[in-house]
Amino acid sequence: MSARAGETFDIARAVADIDALLTAPLPAAGPTEAHGDPVTGEWTVTTGQGFRIVPLWEGASPDDGADEAEEAAEAQLAALVGELEARWGGHHRVAVHVALLLREHGEPASVPALFEALLDEDCYGDLSAWGPVSAQGRWVAVSVGHSDGDAPLVMAAVVSDRPIVAPDPPPWL
């Protein structure tokens with residue numbers, strides 16, 4: 001669970017969170033680290049080599065009424081993507097499933113740290129990405145998804161100091 005559990009989606013807050021990410025420090029090196037709220041332990045941020053990921057919103061588990069919950073989450077993401085496109089123009093789609101398949105087939109060395117971090121936080125949804133969007137050459141991406149029917153839907157934002165692109169698919173894919 002993330003620190004955003006139980007909050008109502010607020011597009012203005014989500015955009016403000018992304019703006020804050022654009023100026024936040026990004027580690028140049030070191031391990032990927034997920035951090036949680038000191039009281040609840042719920043996920044608040046993951047940092048790694050050149051990136052930062054934060055939850056923007058967390059919905060209930062779509063287990064009951066899965067179609068309606070997923071449709072509502074996708075509509076919220078579409079509204080956020082629309083706001084970001086008004087700033088930065090069209091986005092490009094970055095598939096996360098390639099990283100998941102590489103991980104599941106025992107090829108974790110082929111999975112970039114950013115994608116490992118997304119998968120570790122159950123952020124399985126494809127990314128809508130832009131970049132570079134700042135004078136510092138930063139890239140931004142947003143997604144919504146969940147790992148399975150019991151997991152809550154999570155909308156997350158990524159900021160990276162390098163291009164956000166999917167890992168190369170293996171030859172067997």
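## Strands S1 and S2

His-35 stands opposite Val-45 in S2. This pair belongs to a predicted model, in which S1 and strand S2, the latter covering residues 43–48, are joined in the antiparallel sense over four bridges.

Strand S2 also contains Thr-47. Is Thr-47 buried or exposed? Thr-47 counts as buried because its relative accessibility is 9%, and the cut-off for burial is under 20%. Beyond its neighbours within four places in sequence, Thr-47 is in contact with Pro-27, Pro-31, Thr-32, Glu-33, His-35 and Arg-52.

## The seven-stranded sheet

In what order do the seven strands lie in the open sheet? The order is S1-S2-S3-S7-S6-S5-S4, and the pairing is antiparallel. Strand S1 (33–36) and strand S4 (92–94) are the edge strands, each of which pairs on one side only. On average, neighbouring strands of this sheet are turned by 25° against each other, with direction ignored.

## Helices packed on the sheet

Helix H1, formed by residues 11–23, packs on the sheet and touches strand S3 (51–58) as well as S6 and S7. The direction of H1 makes about 170° with that of S3. Helix H4, formed by residues 113–120, also packs on the sheet; the strands touched by H4 are S2, S3, S4, S5 and S7. Relative to the direction of S3, that of H4 makes about 25°.

## Strands S4 and S5

S4 and S5 run antiparallel and are joined by three bridges. Within this pairing, Val-94 stands opposite Leu-127 in S5.

Strand S5 comprises residues 127–130. Leu-127 and Ala-129 point one way from S5, whereas Ser-128 and Trp-130 point the other way; all are buried.

How many of the residues of strand S6 are buried? Strand S6, spanning residues 139–145, is mostly covered, with seven of its seven residues buried. Both faces of S6 are covered: Trp-139, Ala-141, Ser-143 and Gly-145 lie on one side, Val-140, Val-142 and Val-144 lie on the other, and all of these are buried.

Strands S5 and S6 pair in the antiparallel sense over three bridges. Across this pairing, Ala-129 stands opposite Ala-141 in S6, and Trp-130 stands opposite Val-140 in S6. With strand S7, residues 154–160, S6 pairs in the antiparallel sense over seven bridges. Here Val-142 stands opposite Ala-157 in S7.

Which residues of helix H3 are buried? In this helix, formed by residues 97–104, the buried residues are Val-98, Ala-99, Leu-100 and Leu-102. Just after H3, Gly-106 takes a positive phi of about 70°.

Notes:
Residues numbered from 1 in each chain as written. Predicted model: local features only at pLDDT ≥ 70, side-chain atom pairs only at ≥ 80, totals over all residues. Heavy atoms only, no water. Buried < 20%, exposed > 50% of the residue type's maximum accessible area, 1.4 Å probe, protein only. Helix = DSSP H or I, 4+ residues; strand = E, 2+ residues; numbered from the N terminus. Pairing = 2+ DSSP bridges. Axes fitted to C-alpha atoms, helices over the stretch in contact; angles between N-to-C directions. Contact = heavy atoms within 4.5 Å.
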